[in-house]
Amino acid sequence: MAMPASEFDTWKARYDELKAEFEKLKEHNAKLERDYRDLQRRTEASAQEAAPTPATSPSEFEETLKRLVARVAMILQAEKCCFLLLDRDTGELVGTPPAFGLPEDGLKGIRVKATDGVSGLVFRTGKPHITADAEKDGLGAKDFCGTPGIRNGVTVPLVIEKRDEENRVIDRTTIGVLHVLNKRYGGSFSEEDVNLLKVLSRNAAAVIAQAQLFFEVEEKVREFEATIESSPFGVLMVNMNGGITQMNASVRRMLEAGTNHLGQSYERVISNEQIRDAIYKALKQGEESGEEITITRGDDGRTVEQHFQMQTTLVRGEDQQPIGVLAAFNDITEIRNVERMKTAFVSTVSHELRTPMTSIQGFIQTLLEDPEEEYYDRAMRREFYTIINSECERLKRLINDLLNVSRIERGVALEMNFQSMSLAELVDKVIKIQSGYTNKHILKTEIQPGLPNIVADPDKIDQVLTNLVNNAIKYSPDGGTITIKVTYDSQFVQVAVSDQGLGIPKDQIGKVFQKFQRVDSNDRRSIPGTGIGLFLVKDFVERHGGKIWVESEYGKGSTFTFSLPFEPPKQEESAQS
């Protein structure tokens, strides 16, 4: 049945009306798409503006990131914006300033495991996440440690992309996440916001990566500078114009220079001709060299020599052209001192052995030439025998000292003969014997009354006292008073031997008990000695469970003090200690 004309016209009119409405909607939709693309272009342009020229200092990086988070919050109409960056050491995502809308103190306390919360989800999957209801998703509780007032948010990963020469992405590294929180005016975040935030996050990741690289390089530079500064080897760097660019503490001590010489000419700062000549040859002639230098200086009224091995090397840039000269110094003073001590020790021991041998040989030859006692009577011959015996004892003591040193070095236990003994009687005995070797000195004792006996090895303590008193005599060449003071308490007895002699320089006090060590100064080189006496003294005292130390003022005298327990510890306990 045909539709009546009036009804057809009605439907046609309705169709035309709907068609017109559709065209309007289509045109409006096209306009929205154009507006969206325009907004996207403006967003990208804004993001480019938010990523300025590369920063070159921590403050510049901070200002760049402040502008960036503020721009992100403005574009997405959000109340808050912040970064959580990965801490590689702990595996946590850590709140990192600057932020927008969040207090810095609270932000620094945010630490989320990379496996927890929305932050962990986005970090692990690399996919953005919209949080419509923060309370339901736990965004505030888990990701922001219960920070109040978080309603909703959108989170995207911060990804660094590494590209090849053809701009193709060859590697991606996720360094953290970017949170944008609380849409303004009660709104909700949408997919369009996600797309905008993706664009912005690329610039943010690039800036953060640049900052991290800058800080890592800066830290490495600080570590390198600290290593150079604290190195026991001297490091001196001079540029091709002769200006000092690096001078570490070892060189400053060596040259007795201050800390404000960077940029100054090496010729103005360095007075040592050998060093200046070596640097000059390297700079002007390209001649690298290695040589030993000796620096002499006055210290506490005496002359001190230091020996250094110096090596100069040309430093070249990437184009292999010289950019400066590096002078490295190795302090070999101890090596030279050991060599000198070895030489002196061999010479001294040879002399110490030869002297009594010559005396023994002379007296025996004399006796052999008078078999019938024509020239020397019995009394005279007895005196000769006594001298021969004394010289043999002297040889025996020297040989025993050398053997004891050898045993100590090899870790072989010395035989100790502990017994009850009177320290006061031993002191008197040593004083009487040593007094016979000098007419310049007054030897006196100060012994605390009531001194009880101690348990010790009499021979070893005799050697200790004899060595200390004999040293006090030798190193007081102008005479003076030598005092042996003995005191005690409930646990220890203490013996101090004081003189008014040459004294010991401060820098050598710590070395006097070392093997073959002798104080190095011009005023005592003629004084005989092997350098092993105090080494043995220290060992003997410590084998009794005691201690020994020295106090001295250069030019005024020394006091050597040792303390002993009334009974030594058991050998097992002594060995363990």
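**Terms and values in a predicted model**

Reader: What is the strand order in the open sheet of 6 strands?

Author: The order of this open sheet is β3-β2-β1-β6-β5-β4, and the pairing is antiparallel. The model is predicted: local features need pLDDT of at least 70 and side-chain atom pairs count only at pLDDT 80 or more, whereas totals for chains, interfaces and linings use all residues. Residues are numbered from 1 along each chain as its sequence is written, and side-chain values use heavy atoms, with hydrogens and water left out.

Reader: What makes β3 and β4 stand at the edges?

Author: β3 (111-113) and β4 (129-131) each have a single partner strand, so one side of each has no neighbour in the sheet. From one strand to the next, the twist averages 30°.

Reader: How do you know that strands β5 and β6 pair?

Author: Pairing requires that DSSP find at least two bridges between two strands. Strand β5 (residues 153-163) and strand β6 (residues 169-183) have 11 bridges in the antiparallel sense, so they meet this requirement. T155 stands opposite H179 in β6.

Reader: Which helices lie across strands β1, β4, β5 and β6?

Author: Helix α4 (residues 117-125) lies across β1 (78-87), β2 (92-100), β3, β4, β5 and β6, at about 155° to β6. α7 lies across β1, β4, β5 and β6, at about 50° to β5. The angles run from 0 to 180 degrees between N-to-C directions of axes fitted to C-alpha atoms, for helices over the stretch in contact; contact means heavy atoms within 4.5 Å.

Reader: Why is S231 called buried?

Author: Buried means under 20% relative accessible area, exposed over 50% and partly exposed in between (1.4 Å probe, protein chains only). S231 has 16% relative accessibility and therefore counts as buried. S231 is in the loop between α7 (191-230) and β7 (234-239), and touches N248 and S250, not counting residues up to four places away in sequence.

Reader: What makes the pair formed by S231 and F233 a polar contact?

Author: A polar contact is a pair of N or O atoms within 3.5 Å; within protein, one must be able to donate a hydrogen and the other to accept it, and residues adjacent in sequence count only if both atoms are side-chain atoms. A polar atom of the S231 side chain lies 3.0 Å from the backbone nitrogen of F233.

Reader: Are T303 and V269 buried, partly exposed or exposed, and why?

Author: T303, in strand β10 (residues 302-316), has a relative accessible area of 49% and is therefore partly exposed. V269 has 17% and is therefore buried. V269 is found in α9 (residues 266-269), which meets the rule that a helix is a DSSP run of H or I of at least four residues, while a strand is a run of E of at least two, each numbered from the N terminus. Leaving aside neighbours within four places in sequence, V269 is in contact with I244, M247, H261 and Q264.

Reader: How do you know that the reach of helix α14 is close to the expected one?

Author: The expected span is 1.5 Å times one less than the number of residues. Helix α14 (residues 458-474) has 17 residues and reaches 24 Å from its first C-alpha to its last, close to the 24 Å expected. At its start, a side-chain oxygen of D457 reaches to within 3.1 Å of the backbone nitrogen of D459. Buried residues of α14 include L465, L468 and I473.

Reader: What makes a group of residues a nonpolar core, and which members of the largest one touch the most others?

Author: A nonpolar core is a set of buried Ala, Val, Leu, Ile, Met, Phe, Trp, Tyr and Cys residues joined through side-chain atoms within 4.5 Å. In the largest, of 38 residues, L423, L465, L468, I484, V486, F560 and F562 touch the most other members. α14 gives the most to this core, with 7 residues. L468 touches V497, L534, V537, F560 and F562, not counting residues up to four places away in sequence. Apart from it lies another core, of 25 residues, among them L65, L68, V69 and V156.

Reader: Why is helix α15 called mostly covered?

Author: In helix α15 (residues 533-543), 8 of the 11 residues are buried, among them L534, F535 and V537. Just after α15, G545 has a positive phi of about 80°. In the chain of 577 residues, 39% count as buried.
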